[in-house]
Amino acid sequence: MKALIPVLIGLFAVTAQAATPNEILAGYRAEAAKSNPRYQSSAELGAQLYTHPFGVSAKMPSCSSCHSDDPARGGSHVVTGKAIQPLAPAANAERFSDLAKVEKWFRRNCGEVLGRECSAAEKADFISFVMRGR
Amino acid sequence: MNATHMLAPLFSIFLACAAQADDLRLPAGAPPAFQSECGACHLAFPPRLLAAEDWRRVMAGLDRHYGDNASLDAPTRRAIEAYLVENAGKPRKLGPGGTAAPGEAPRLTATAWFKRKHHEVPPASWRHAEVRSPANCAACHKQAASGSYREREIVMPGGRRWQD
């Protein structure tokens, strides 16, 4: 096992794209600005997105179904009951620090809750909201 | 040799078996994705809780995973399946039940072994808001994340300690 540790650290360094929430937010903003040059990210729109009952999934109609009404608090998975750590970077430093992970969860959870992929603008709004807080 | 001496080895075998029943630590060799993928939405379940054939069926239907789309890229899926199959439980020990009706995914909470272990749990506890699903091991087995399922670690919903 000891021999494996350097290998594992090496793998981590290659796969994890260390970033700050602000960098990730800036990336989505820039992408959104490509299709709408006047785009500005909005924590307010992000808050609406977070609590909007899309109703695509009966069990998880909105983001807040699992993440709770307050991203600075934890939540729990509505089906499995597993505890979910807070989404807000202020409460949980791991959040929005790895672009690949952020993309994976947007892809998976937007599919689940909205029934489609989220746009770059929605992602930027969402991150603005969880960074600002309620 | 007196009776105590003769019984001592038997007693240690008994202790070893008793310890094994509540020790469900993950076997070595789990691919990193086992925790980060499977363990993101539910406990990274001990492979021993389902038979190899049932794990293969679970991994063949990840796009419809108990109501969620939990699809993985092919190399990750293969690595996790290999780990689960290699460390799977013995069908003889688990008993019938894990394999559900045709077309339905197997459930590790439906094996005869799981039901026997939990037959004293009242129905209201399963339905409790803190539990939600019988697959939420950590709701009562407070050390489940580290693979320990000792009886003295059980806290029932509402804070009651488990007593026989």
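The model is predicted, so local features need pLDDT of at least 70 and side-chain atom pairs count only at pLDDT 80 or more, while totals for chains, interfaces and linings use all residues. Residues are numbered from 1 along each chain as its sequence is written, chains are lettered from A in the order written, and side-chain values use heavy atoms, without hydrogens or water.

**Interface.** I looked up the area buried between chain A and chain B: about 1200 Å², with 44% from carbon and sulfur atoms. On the chain A side, Thr80(A), Lys82(A) and Arg108(A) lose the most area to chain B, together 41% of what that side buries. I get 12 residues from chain A and 17 residues from chain B in the contact (heavy atoms within 4.5 Å).

Helix α5 (residues 99–113) of chain A gives the largest share of the side that touches chain B, 4 residues.

I see 7 helices and 0 strands, as DSSP runs (helices H or I, at least four residues; strands E, at least two). Of the 164 residues in chain B, 39% are buried, meaning under 20% relative accessible area with a 1.4 Å probe, protein chains only.

Technical notes: Buried means under 20% relative accessible area, exposed over 50%, partly exposed in between (1.4 Å probe, protein chains only). Buried area is the accessible area (1.4 Å probe) that two parts lose on being put together, summed over both.
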